[in-house]
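Visitor: I would like to go through this model term by term. Please set each value against the definition that it is judged by.

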Amino acid sequence: MSCKIGILGLGTVGTGVAKILLDPEGRHPVLREIEIKSVGVRSLSTKRDVDLPASYYTNNLESIVNDPDIEIIVELIGGLEPARSLILQAIANGKHVVTANKAVLARYGAEIFTAAKANGVYVMLEASVGGGIPIIQALKQALGANRIAAVTGIINGTTNYILSRMHQEGGAFEDILANAQALGYAEADPTADVDGYDAADKIAILASLAFGDRIKLDEIYREGIRNVTSIDIHWATELGFAIKLLGIARHAVVDGESGLDIRVHPTLIPITHPLASINGVTNAVTVAGDPIGEVVFSGPGAGSGATASAVVADIINVVAALKSGTGKINQLMGCSHQHYAKVHSVDSNKTQFYVRLIARDRPGVIGEIGMRFGKHLVNLESIIQKNSHGEFAEVVVVTKQVVERNFQTAIADIKNLDAIESIATVLRIL
Ligand code: HSE
């Protein structure tokens, strides 16, 4: 008996999924037991790049989630609504759900997984983070023996593409963004990518799986890449760093309290770090745990085939689990989180900083800057005058690991010094 599925959305990923399912030769044998029954689309007149009978298509998406013949709903429409309502309706109808929708999962995960548990169904999300990289299953299953210390990733391809080109070409952010949009590497509205919202959704999902607790999205510190300049790329390179937009989730103890430090921001990473050489639209995630040490996953983070690979793997897993016939949910595939994680505020965490200041070029300025950092307990690793332009000098400071609150107080103090024209850039170092 085949397992009937309904696909909601036949865009890039949906088309990739349908193509794999229609061409099972040489792939996992379970694929032959999966039958597409319906495909929900917005427009019935759009020409499709996949060979499905016209009768499969409907623009009534609710009819798919309410169809008693369908066991698995594959949600690939993206966005918050109607995706969330359709997922919840499918769950209420006892259907398993496979989704790539990080935005819905990061915001409504608690509601969705509580409903899934109550209804004894799976909600599978491999495609929601890292496209084709099997990071979700790794965190749920393969790394289950580990006490996770940190998950760190390049989990947004668009920003990695822009930053890689800024490194390679020395160009300005705005120019490369405009060119990336013209080439189709960045959306017309690039906000979700360049301002870090997409990466925040993804690190929320990874953190909840790695650390076993729910995450409130608004507790994640988020900063995008708009303020990264070609000058900073230049100085970072000279200092031995690459600048990447990272999602970081790590265990941290602050004032004796165990919790998580979760953030998304442009980050200087040592050129020898495995993430430093991940360029273009490629994604990569490192997981540090006890006893494994560190593992690195990398691969295509988006695109039709890569994301479809993750979606179809989830469908295969659900079908195989259903075939085992126990009628019970496989604990390793479900979600058992009930509590929210303690997420420390960003200013209480310890971080290393890179700062570029524009100062007046006169005696004693570097001493004044150093003194103000010292006054606020900010220990410095280096302070270098990089360039003089007329009466101004560019000064680059690298701190040691310091409490962020102390650093921000020092910066506010330094900004008011008569000798300081501006604090041009503040970036964090991994
Ligand atoms: N917009 C995402 C990115 C791809 O640039 O990585 C989908 O998750």
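Guide: The buried residues of helix 12 are covered by elements including strand 13 (350-360), strand 14 (380-389), strand 15, helix 13 (404-415) and strand 16 (420-429). This is a predicted model, in which local features need pLDDT of at least 70 and side-chain atom pairs count only at pLDDT 80 or more, while totals for chains, interfaces and linings use all residues. Residues are numbered from 1 along each chain as its sequence is written, and side-chain values use heavy atoms, with hydrogens and water left out.

Visitor: What makes a run of residues a helix or a strand in this numbering?

Guide: Both are DSSP runs numbered from the N terminus: helices are H or I with at least four residues, strands are E with at least two. Helix 12 spans residues 365-375, and Leu-377, with a positive phi near 65 degrees, follows that helix.

Visitor: Which residues of helix 12 are buried, and why are they said to line one face?

Guide: They are Val-365, Ile-369 and Phe-373. Buried means under 20% relative accessible area, exposed over 50%, and partly exposed in between (1.4 Å probe, protein chains only). Seen down the helix axis, the buried residues fall within an arc of 75 degrees, so they line one face of helix 12. The arc is that of the directions from the helix axis to the C-beta atoms. The face turned away from this buried side carries the exposed residues Met-371 and Lys-375.

Visitor: Why is Val-395 called buried?

Guide: Its relative accessible area is 1%, and the cut-off is under 20%, so Val-395 counts as buried. Val-395 lies in strand 15 (residues 392-403).

Visitor: Which residues does Val-395 touch?

Guide: Leaving out residues up to four places away in sequence, Val-395 touches Val-355, Arg-356, Leu-357, Ala-359, Ile-366, Ile-369, Ile-383, Ile-384 and Gln-385. Contact means heavy atoms within 4.5 Å.

Visitor: How do helix 12 and helix 13 pack?

Guide: Their axes are 8 Å apart, at an angle of about 145 degrees. Axes are lines fitted to C-alpha atoms, for helices over the stretch in contact, and angles run from 0 to 180 degrees between N-to-C directions. Ile-369, Arg-372, Phe-373 and Lys-375 of helix 12 meet Phe-407, Ala-410, Ile-411, Asp-413 and Ile-414 of helix 13.

Visitor: What makes strand 10 mostly covered?

Guide: Of the 14 residues in strand 10 (residues 257-270), 11 are buried. Strand 10 also pairs with strand 16 in the parallel sense over two bridges, and Leu-268 stands opposite Ile-429 in strand 16.

Visitor: Why are strand 3 and strand 6 called edge strands?

Guide: The open sheet of six strands has the order 3-2-1-4-5-6, with parallel pairing. Strand 3 (57-58) and strand 6 (123-124) each pair on one side only.

Notes: Pairing = 2+ DSSP bridges.
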